[in-house]
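Hi,

Here is the structure I said I would pass on to you.

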Amino acid sequence: MSDYLGSKKTGGSDETNRRRPLDDVGPVRAGESPVDVINRLLEAATGNDPLRFDLLRLRRQIQEQELTVAEARAAIEKMDNVIKKVTAPANRIGTFLGFPKPGLAHVAVAGHDYFTNVDPRLDTGALKIGARVLVNEAYVVVGDLGYDHSGPVGKVMDAMPDGRLRIGQEHGLPSAIVQRSSDLANANLKQGDEVRVDPAFRVAIEQLQSSQQREYYLEEIPQLPWAKIGGQQKAISAIQDAIELPLLYPDLFERFRYAQPKGFLLHGPPGCGKTLIGKATAYNLTRKLREKSGRDTKECFMHVKGPEILNMWVGESERLVREIFSIAREKRQLGFMPFLFIDEAESILGTRRAGRYSNILSTLVPMFCSEMDGIESLHDVVIILASNRADLIDPAILRPGRIDRKIRVNRPDKPGARDVFGIYLTDDLPLDDALVKQHGQDHRAAVESLMDAVGNALFAHKETNRFLEVTLRSGRKDILYRGDLVSGAIIASIVERAKEMAIKRSIATGKDQGVSLADMLQALDLEYAENDIFPPTDVTEDWLMLLDYDPENVVKVSPIRQLAPARGKGLGGSI
Ligand SMILES: Nc1ncnc2c1ncn2[C@@H]1O[C@H](COP(=O)(O)OP(=O)(O)OP(=O)(O)O)[C@@H](O)[C@H]1O
Ligand SMILES: [Mg+2]
């Protein structure tokens with residue numbers, strides 16, 4: 001061991017060892033730890049060398065100290081991190097607007113725009129336009145927070161060809177041009193769609209689903225050829241002249257510079273087929289257009305019920321009207337032929353008389369007019385208004401160039417009523433055996449006889465048919481009979497009641513039974529006694545709505561109550 005430092009292993013010659021002072025140990029071997037040195041010395045020491053015990057102890061001490069140092073270092077590092085964290089300045093949040101150059105980000109922070117660097121550790125490929133980003137005190141983008149989940153909502157007023165959007169806000173706030181977020185880059189945004197915008201109002205982030213509300217007006221129309229409407233030939237011809245011909249022969253009308261209407265008003269007493277005629281117009285016209293153009297034009301019937309538009313929230317009714325027109329225009333662009341049917345039109349388009357809704361009406365009527373003026377002609381949208389009180393509709397709506405065709409849907413007269421009975425008494429309807437037998441098993445002849453008999457019963461000027469007494473200002477008293485107050489709806493209901501009777505009889509007897517004349521006549525009586533089209537009270541005002549009289553000339557209307565007919569066994573109520 002004594003010659004250890006001078007041994008060959010140190011790599012020095014005897015000469016150099018001799019000249020070197022004892023504490024000059026030379027350079028530490030690379031990668032050699034104190035423990036390694038001790039290990040080497042232990043190898044060199046012979047088994048009974050007394051130094052060996054000291055070396056082993058020294059090695060243990062060094063190992064224990066090394067462990068303590070490592071633990072202390074870790075604790076310091078942890079402390080350092082904590083100190084760094086709690087003393088670091090807060091990061092601001094900005095909106096990422098894009099990469100004008102590779103590696104250079106455009107962000108908006110608190111109303112100011114910056115071109116800034118991006119922390120290279122950030123995955124720039126995943127950064128979405130419109131996302132919130134963290135920027136440090138040097139405005140370097142250091143974090144990606146994704147899209148915000150809240151923020152203002154605006155409505156697309158225009159989708160520009162370059163992808164930018166013009167967003168409008170309600171109640172006259174200024175509109176703004178915004179860009180699309182990465183997620184909306186290819187979205188099919190249209191005028192009227194609602195989008196959520198980032199709080200800085202720079203990027204449209206998300207399209208809001210309001211489609212449920214928008215589809216709400218759209219109604220399927222059943223197959224409704226004109227033949228399914230009875231006794232309204234005059235109204236139907238008027239519609240065909242006013243709407244069908246200009247649509248089917250546009251060139252001819254253009255040559256004559258004929259001012260085409262944009263729609264028409266159907267007016268008349270309740271239950272006479274205004275809504276039915278509106279739907280049939282959509283069905284028949286679209287079918288004809290399809291045949292003529294060979295293109296697959298689809299009908300689109302928007303059924304808007306006036307009172308549903310009235311809304312207590314300021315501006316909400318106006319928003320609905322704008323939305324309705326915007327849906328109609330949109331549907332046109334998609335290849336549909338939109339029919340905008342506004343039922344009970346007087347409720348929203350009434351004269352701006354004083355009343356509960358006068359505030360709303362005073363803005364709705366001008367807005368409706370301007371929306372209507374924005375429609376070129378009925379080649380875009382056909383507007384159909386329906387009302388029982390056409391006299392209440394604001395004249396501005398009915399001006400030439402707007403809805404200047406008024407088509408009256410009258411109560412059916414006797415032949416008209418027969419027509420309507422014919423529509424509901426179909427050839428496949430099970431008839432009473434005795435009735436068919438009476439007509440030599442000719443089912444058709446039996447149906448015709450029912451139509452005649454019930455028509456005669458309905459229109460007879462007999463005592464039991466007296467229905468109303470109208471006292472006029474002149475002192476004259478008019479008696480109105482059941483036939484004077486009949487409507488398509490009443491006729492349809494009479495037939496339904498008669499069918500119910502036959503069905504119940506079949507159930508009661510266990511045998512197939514058909515509709516008989518007695519059923520029809522009893523149903524007629526019941527209908528006039530129970531129909532809820534007729535006002536339940538004697539209030540003259542209510543009854544005047546059903547009559548053709550000028551209210552000015554009428555002093556009093558008194559219903560002549562017939563005693564309700566005794567009901568047949570088990571015939572009450574409906575099925
Ligand atoms: N001319 C008619 N031909 C066949 N059915 C008719 C006719 N008129 C009315 N009906 C029947 O009466 C029902 C009600 O008619 P509709 O809803 O069209 O009346 P309306 O004039 O719109 O009444 P309201 O003023 O109460 O809205 C129809 O669904 C149909 O079954
Ligand atoms: Mg109706």
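Below is what I found, going from the whole chain down to a few individual elements.

First, a caveat: this is a predicted model. The protein has 575 residues, and 28% of them count as buried. You'll find 17 helices and 19 strands in it. Taking the contacts between residues at least 6 apart in sequence, 66% join residues at least 24 apart.

Now the helix pair. Helix α5 (residues 233-248) packs against helix α7 (residues 274-293) at an angle of about 35 degrees, and the two axes are 11 Å apart. The crossing of α5 past α7 is right-handed. On the α5 side, the contact is made by Ala235, Ile239, Ile243, Glu244, Leu247 and Leu248. On the α7 side, Ile277, Thr281, Leu285, Lys288, Leu289 and Lys292 take part. Sorted by class, that contact has eight nonpolar residues, one polar residue and three charged ones.

Next, a sheet. Three strands make up an open, antiparallel sheet, and their order is β18-β17-β19. β18 (477-481) and β19 (554-559) are at the edges with a single partner strand each, so each has one side without a neighbour in the sheet. If you ignore direction, neighbouring strands here are turned by 20 degrees against each other on average. Strand β17 (residues 466-472) runs antiparallel to β19, and five bridges join the two. If you want a pair to click on, Leu472 has Val554 of β19 as its bridge partner.

Last, helix α15 (residues 488-509). It has 22 residues and spans 32 Å from its first C-alpha to its last, close to the 32 Å expected at 1.5 Å a residue. Which of its residues are buried? The list runs Gly488, Ile490, Ile491, Ser493, Ile494, Val495, Arg497, Ala498, Lys499, Met501 and Arg505. As you can see, Arg497, Lys499 and Arg505 are in there along with Ile490, Ile491 and Ile494. And what covers the buried residues of α15? Among the elements doing so are α12 (414-424) and α16 (517-530).

Cheers

How values were computed
Residues numbered from 1 in each chain as written. Chains lettered and ligands numbered in written order. Predicted model: local features only at pLDDT ≥ 70, side-chain atom pairs only at ≥ 80, totals over all residues. Axes fitted to C-alpha atoms, helices over the stretch in contact; angles between N-to-C directions. Helix = DSSP H or I, 4+ residues; strand = E, 2+ residues; numbered from the N terminus. Left-handed = near helix turned anticlockwise from the far one by under 90°. Contact = placed C-beta atoms within 7 Å. Nonpolar A, V, L, I, M, F, W, Y, C, P; charged D, E, K, R; others polar. Pairing = 2+ DSSP bridges. Expected span 1.5 Å × (residues − 1). Buried ≥ 20, exposed ≤ 12 C-beta atoms within 10 Å, placed from the backbone.
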